[in-house]
Amino acid sequence: MTDEEGTAVQLDRDARVLAGRYRVGELIGRGGMASVYRGYDQTLGREVAIKILKRDLASDSAFRTRFRLEAQAASRMANQAIVRVFDAGEDIAADVNGERPIPFIIMELVHGTLLKEIVARGPVAPADAARYVDGILEALEYSHRAGVVHRDIKPGNVMITPSGQVKVMDFGIARAVSDSSSTVAETTTILGTAAYFSPEQAKGDPVDARADVYSTGVVLYELLTGRPPFRGDSPVAVAYQHVSETPTTPSQVNPDSPKAFDPVVLRALAKDPFQRFPDAASFREALDAASDGKAPSKRELGALTNELYGPNPRQAAETARSLRQLSTDNTMTRTQSGPPVAWIWAGIALLAVLVASVLFWVVTMRPLSEVPASARVVPDVTGTTLERATEDLAAVDLLAVPEMTPSDTVKEGVVIGTEPEADASVSPGTEVTVLVSEGPRTSVVPALTSLSEQDARQRIEEAGLEMGTIISENDPALAAGTVISAEVDGDEVAEGDEVAEGATVNLTVASGRVTIIDYRKNTAIDFAKGELEALGLTVKVTEDPDCPATDSQIVNSQSAYGDVPVHSTVELTYCTGEAVDGQ
C-alpha cells in the first residue's frame, strides 16, 4: 500500500476533519501530486473538494510556505472558467515515524469529465476543440491579468461540466513547486508534463504568461489530432523536441482538422516567446477568426513556418552526420602530402557543429534530472484492457497494480490511465498503478414495492436517484397509490439492484380501481359471480320475481361495470317470475 493509499484509508475510516472544519469524505480522484476527496465545509454548510498533497511535497518546509502563499493568491481569483480555491492550510497526521504535516487546499466541487478523458477517445470535432480551448484561454486571460501564471496547462487540469462549461484547476500550485526547493522540483511531476512543456520551461529559463499560451497550443493540437505534437521514448526526448523540432501541422496528421486552424496552432507553438500570441486574448481572437476563416495557401503556411521556426532543424543533424562519415572514410586515396583544404574546412565545420550541439544540450537540458541508463519508460496503456496493460508493463520490467475507479465516460474494464503517467521514467520493477474504469458510480435501488407513492419518492431521493414518471395501473389487490413496480431505462428493477448514480426511476402505482365487464348478455349468474369475487369484489345476488324467467341462470341486471373501486360491492339480479307462454 502506498503512502497516499494509506492516508486515504485512514481518512475514510476516521472521517477526519481537517483544521477543525473540513470533513473528508470519499476519494474521487488522484493525480501526480495529490489525492482529491469529496468534503464538507462544516462552517459554511457546503460540499467542497479537498486536495491533499503527497508526502514528498509535504515533507519540504520551503514548499509548504510557498504553497500556502500561492494558494492564497489563487483564492482571490473568481471567474466562471476557473475552479475556485476557497482555502489552504495544513494539518498533522500521526504515523509510525511520528507526526507529519498534511498540506491541503479546499476547492470548489465540480461535477464533470476531465478533458484528458475526452481527448483519450481520439480527435474531437473542430467546433468542440475551439470551444474547449476558448474556455481555457478565458481562464488564462483572467489569471494573467491577476498576475498568476499557471505553468501546468494540460488536459488533466481541465474539467468539462455536464453543461459544457470549461473549468481550469490548480492555479498557483505549479508555481509553488517550481519556485520552491530543488528537492521538491526534482522529485515531482508538477513542473509540467513533458508533452505540454514550453521550450523555456524545458531549458529552465524564467517563464511568463506566454508559457501558458504555448501549453494551450499543445492542448489545441491534441484536441484536433488526437495526439500531442511531440512524442518520444522519454520526457527528455520530448522536451528536446519542444526546443528544436518543427511540429507537423494538425491537418497533415488529421485530414478532418480544418486547415484554417494550422496557422493558429503554429503561432501558439512558436519556439520564441516573442513570436507567439502576446496574450490569451490575442489567441482567443485568432481562434475565433479561424473557426469561420478560410484555409491558408501552401505559400502562406510555408512563409509562416519559416518565420516561426526558421530552416529545418534537422539540417544541422544531417550536416553533422555527413561530416562524421567523411572524417572516418578510409576508402579515399590521398593525392597530396598535406591535409586537403576541403578536409580542413570540413573538420572546422564539424568541430563547430559538435561544440554548438554540446553547448545547446547543456544549456537546454541542464534543469532536467538525469535519466539513468537502466530507467524504464511507462508505456501508454490508456484504452486497453487490464490484461493487455499488465502484459505491456511486464514487457518493460514494470509491475502492474490494478485500481478500479468510477467513470461516467469510459466503459467498464477499460484502462483510464496510469500512475506514474505514460512516458514517465522509472526504475525497473517499479509498481505502476493501472486505473481501470468500473463504469459509472452506482446507487442501490431501495425497497419500493408495496410502499405508498409518497414514501417511495422519499426512498428514491435518499438513495441519490431521480424521481421519474408515475404510471397508474389497475390492481384488484392494492389500494390507490400503492407502488406495484419500478423501472430504470425501460428495465424493471427490484430492491438491491445497482443502477447508475442519479438514474431516473419510473414507478407503476395502483389506481385503486378494477375493471369489470357487462355480464348482462347471456351470462350465467354463477359464472359472473365467480369472476367478480376473483377480482376481490363483493357480489350481492338478488332474485327478481317480476321478471319472467326464461332461464333462471342468466344475469338480468348489473349495478356497475367499467372501472369501479377495489373491494366494492356489485349487485347482480336474475329473473324468477313465471315464464310467459310462447317465450
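1. Helices in this predicted model are DSSP runs of H or I with at least four residues, numbered from the N terminus.

2. Helix H5 spans residues 126-145, 20 residues in total, and its first and last C-alpha atoms lie 28 Å apart, close to the 28 Å expected at 1.5 Å a residue. Its buried residues include Ala 129, Tyr 132, Val 133, Ile 136, Leu 140 and His 144. Among the elements covering the buried residues of H5 are helix H9 (209-225), helix H13 (280-292) and strand S8 (158-160).

3. The structure holds 20 salt bridges. A network of them links Asp 134, Glu 141, Arg 145 and Arg 284.

4. Lys 51 and Asp 170 form a salt bridge in which the closest N and O atoms are 2.7 Å apart. Lys 51 belongs to strand S4 (residues 46-53) and Asp 170 to the loop between S9 and helix H6 (173-178), so the bridge ties together parts 119 residues apart in sequence. Both partners are buried: Lys 51 has a relative accessibility of 6%, and Asp 170 one of 9%.

5. Glu 26 meets Arg 38 in a salt bridge at 3.1 Å, N to O. The pair joins strand S2 (residues 22-30) to strand S3 (residues 34-41), across 12 residues. Glu 26 is partly exposed at 37%, whereas Arg 38 counts as buried at 18%.

6. A further salt bridge, 2.9 Å from N to O, pairs Asp 397 with Arg 376. Asp 397 is partly exposed at 41% relative accessible area, as is Arg 376 at 24%.

Notes
Residues are numbered from 1 along each chain as its sequence is written. This is a predicted model: local features need pLDDT of at least 70, side-chain atom pairs count only at pLDDT 80 or more; totals for chains, interfaces and linings use all residues. Side-chain values use heavy atoms; hydrogens and water are left out. Helices (H or I, at least four residues) and strands (E, at least two) are DSSP runs, numbered from the N terminus. The expected span of a helix is 1.5 Å times one less than its number of residues. Buried means under 20% relative accessible area, exposed over 50%, partly exposed in between (1.4 Å probe, protein chains only). Contact means heavy atoms within 4.5 Å. A salt bridge is a side-chain nitrogen of Lys or Arg within 4 Å of a carboxyl oxygen of Asp or Glu.
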